[in-house]
Amino acid sequence: MEKNRILTLLARKMGQVATSAELEELNELLNKYPEYHFIKDTSESMHLQFHPPATHEDALVSRNWDHLAEAMEEPVASVRRPVFTRLIAGLGHIPRVAALVGGIALAAAGYYWLPQHKVSTLHAGQLIARNGEKVRQLLPDSSFVWLNAGTQLHYNPDFGKTSREIYLDGEAFFEVAPDRNRPFLVHAGKVTIKVLGTSFNVRAYAKDSVVETTLIKGKVEVQLRNGHGRQILLSPNEKLTVSRATPTTEAMARSTTPVKDTYSIQPLVYQNDSTEYNEVAWIDGKLVFWNEPFEEVAEKMQRWYDVRIHFNRDDLKQEILSGTFEHETIDQALKILELTTRFSFTRNGKDIYLQ
Amino acid sequence: MSDLLYRIQFADDQLAFKELYEQKFLKLFQFALAFVRSHLIAEEIVNDIFLNLWRKRKKLDSIDNIDVYLYVCVKNAAFNFLRRPSKKHISLDEIEIEYLHVDTDPAAVLITTELQKMIARAINSLPPRCRLVFKLIKEDKLSYKEVAAVLNVSVKTVDTQLGIALKKLEGILSPALDRPIATYRNK
C-alpha cells in the first residue's frame with residue numbers, strides 16, 4: 001500500500017539512510033496524499049525527552065560540569081577520600097567499592113573528627129565524609145548513597161549477600177536497589193529504618209537530639225528503639241522526626257522503664273521558590289536553614305565548611321536565621337549573615353569568633 | 001568534533017574537553033535516565049564516564065565512533081547499576097523504561113492538548129526497544145548503524161522498530177484529520 005510506503009520512507013529519512021531517489025519518491029507520495037504532510041510534520045517536529053519539560057537544562061549541565069572539573073583535579077591514586085566507583089565494563093576493572101580506601105581514610109581522619117569514636121576494628125565496608133566534604137558511593141548491592149559532611153557509615157561484611165544493614169552517624173541520602181529477599185536496614189541511633197526499594201534521607205548526627213527521616217520515593221517502615229517496638233510507615237514526601245526523650249522529672253530519671261521517644265510526621269513543603277525540599281538540598285550542594293537558631297546553623301556550617309565557630313555572646317546563639325548558601329565561601333556566608341543579624345566575626349584559620 | 005578529540009588527546013586541552021562535555025551531556029544523561037530513572041544516578045553515571053574518558057584521553061584515537069562509545073558506556077553502566085548482584089546480566093526486556101515526554105512545536109503544527117496527550121500515551125505504550133529507537137533516531141539524531149551498535153541489534157531491527165513507532169503515530173493522527181480538532185500550517 002502506498003501509504004505504508006510513505007511511512008517506510010519517512011523512517012529511512014529520519015534514520016539518515018534515505019537515498020535521493022527515495023527522498024524524491026517521498027515527496028511525490030506526499031503530494032499525492034497531502035494529509036500525510038501533517039503526519040510527517042508532526043513526527044519530525046515533536047520533541048521527545050526522558051526528563052520532565054521543566055528541567056533547567058543549562059543549570060543541569062553547568063552544575064555537573066563543576067562536579068566533574070572538581071573530580072578531574074583529584075590525583076588518581078588519592079586516598080584522601082573515596083572517589084567515584086568505576087562502573088564501566090571493558091575499560092579496565094577497578095573494585096566496585098573503595099572499602100579499603102575508606103578504611104585508610106578513617107585511620108587518617110579519625111583522630112580529629114568525632115573524637116568520641118574509637119578507631120576500633122575496621123568493618124568490611126566503611127564510608128566517611130569529613131567536615132567540609134560530601135561523598136557519593138555505590139554500595140555492593142548497587143544502592144547509591146550520598147554522605148553529607150561529618151558523616152560516618154558502615155555496613156556488615158557480607159552486605160548484599162545475606163542481609164543489608166547500615167549503621168549511620170551523620171546524614172545520608174539513599175537510593176536503594178530493590179531486593180525483596182534482603183530488606184535494606186539503616187540503624188541510626190534511636191531508629192531502625194527498613195526499606196524495600198526507595199529514596200530517602202536520614203539525618204542522625206550523634207550530637208543532635210533528633211533523628212529525621214525524609215522519604216522521597218517508595219515506602220519505609222521506621223522502628224523506634226525506645227518506642228516499645230512501634231513501627232511507623234512513611235509515605236512519599238513525608239518527614240518523620242524522632243526526638244530524644246529527656247526525663248522531665250527526677251522520678252522519671254530514676255525509673256527503670258525506658259522513657260519513650262516522641263515522634264511527629266510532617267508533610268514536606270517547598271520553601272520559597274526552591275525546586276527541591278530543604279531536607280535534600282544538601283545533595284545539590286546547598287546549605288539550607290529555615291527558621292533555625294544561630295547555634296544550630298553554626299553547627300551545620302561547622303560541618304559544611306570544616307571550621308570551628310565560637311560564640312563570644314550567648315544571646316547570639318538564639319537568633320533565628322533562614323537562608324541558603326551554595327557557592328559562597330565561609331567568609332562570604334558570614335558576611336551575608338552579618339547583613340541581617342547584628343554581629344561581627346573574626347577568623348583565624350579554621351577558628352571563627354562571633355561577637 | 002575530531003578537532004576537539006585531537007586537542008583533548010594531544011594537547012590535554014580542558015576547554016576542548018568541556019566543549020565535548022557540553023555537547024554530549026544532555027543526550028547521554030537522558031539515555032541513562034531512561035534506564036535508571038533517577039536524576040542523581042544518571043548524573044553520576046555520565047560524569048563517571050567522562051572522568052574516565054579524561055583519564056584515558058591518550059587512547060582517544062583508538063575509539064572508532066565517539067558517540068557509539070559514549071552511549072554504550074552509559075548503557076553498560078546503567079545496566080550494571082540495575083542488575084541484582086546475584087545475576088551477571090540484565091537484559092533490556094527486564095528494564096522498565098522511563099516515561100518519554102512528548103512536546104509538539106506550535107510553530108510547526110498546531111495540535112490540541114487532547115491530541116498531544118493521545119500522542120504521548122501512544123508513544124509510551126510502545127515496547128521499550130521501540131521507544132528507545134524512536135528517541136535515539138529522532139531526537140538524538142543517531143544513524144541506523146549507530147543505534148544498532150548501541151542497542152546491540154541489527155540495522156533491520158532498527159528500521160522495523162522505527163516503522164512501528166511511525167505506524168502508531170499514524171494511527172493516532174489520521175483520525176484527527178477527519179475531525180476539526182487539529183489544523184496545520186501550510187509551509
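Reply: Let us begin with a turn. This is a predicted model. In the hairpin of β3(A) and β4(A), five residues lie between the strands, and Ser142(A) among the hairpin residues takes a positive phi near 75°.

Me: In which sense do β3 (residues 135–138) of chain A and β4(A) pair, and over how many bridges?

Reply: For a strand pair, one reads the sense and then the bridges. Strand β3(A) and β4(A) run antiparallel, with four bridges between them. Within this pairing, Leu138(A) has Phe144(A) of β4(A) as its bridge partner.

Me: Which other strand does β4(A) pair with?

Reply: β4(A) also pairs with strand β6 (residues 164–175) of chain A, again in the antiparallel sense and over four bridges. Here Trp146(A) stands opposite Phe173(A) in β6(A).

Me: Which way do the residues of strand β4 (residues 144–147) of chain A point, and are they buried or exposed?

Reply: One sorts the residues of a strand by the direction in which they point, then examines burial for each group. Phe144(A) and Trp146(A) point one way, while Val145(A) and Leu147(A) point the other way; all are buried.

Me: How should I read a helix, for instance α7 (residues 294–305) of chain A?

Reply: Begin with its span, then consider burial and packing. Helix α7(A) has 12 residues and reaches 15 Å from first C-alpha to last, close to the 16 Å expected at 1.5 Å a residue. Its buried residues include Phe294(A), Val297(A), Met301(A) and Trp304(A), and also the charged-type names Lys300(A) and Arg303(A). The buried residues of α7(A) pack against β15 (287–293), β16 (308–311), β17 (320–325) and α8 (330–340) of chain A.

Me: How is chain A described as a whole, in secondary structure and burial?

Reply: One counts elements, then burial, then the sequence range of the contacts. Chain A has eight helices and 19 strands. Of its 355 residues, 34% count as buried. Among contacts in chain A with a separation of 6 or more, 44% are between residues 24 or more positions apart.

Me: Which strands of chain A and chain B pair with each other?

Reply: Strand β1 (residues 47–49) of chain A and β1(B) pair in the antiparallel sense over three bridges. In this pairing, Gln49(A) stands opposite His101(B) in β1(B).

Me: Which residues touch the most other members of the largest nonpolar core?

Reply: In this core of 121 residues, they are Ala32(B), Ile45(B), Val46(B), Val74(B) and Val147(B). Helix α2 (residues 14–36) of chain B gives the largest share of the core, 12 residues.

Me: What confidence values accompany the model?

Reply: Chain A has a mean pLDDT of 74, with 75% of its residues at 70 or more. Over residues 77–123 of chain A the pLDDT is below 50. For chain B the mean pLDDT is 87, and 92% of residues reach 70 or more; over residues 180–187 of chain B the pLDDT is below 50. The model scores ipTM 0.88 and pTM 0.54.

Definitions and conventions. Residues numbered from 1 in each chain as written. Chains lettered and ligands numbered in written order. Predicted model: local features only at pLDDT ≥ 70, side-chain atom pairs only at ≥ 80, totals over all residues. Core = buried A, V, L, I, M, F, W, Y, C linked by C-beta atoms within 7 Å. Buried ≥ 20, exposed ≤ 12 C-beta atoms within 10 Å, placed from the backbone. Helix = DSSP H or I, 4+ residues; strand = E, 2+ residues; numbered from the N terminus. Pairing = 2+ DSSP bridges. Expected span 1.5 Å × (residues − 1). Contact = placed C-beta atoms within 7 Å. pLDDT = per-residue confidence, 0-100.
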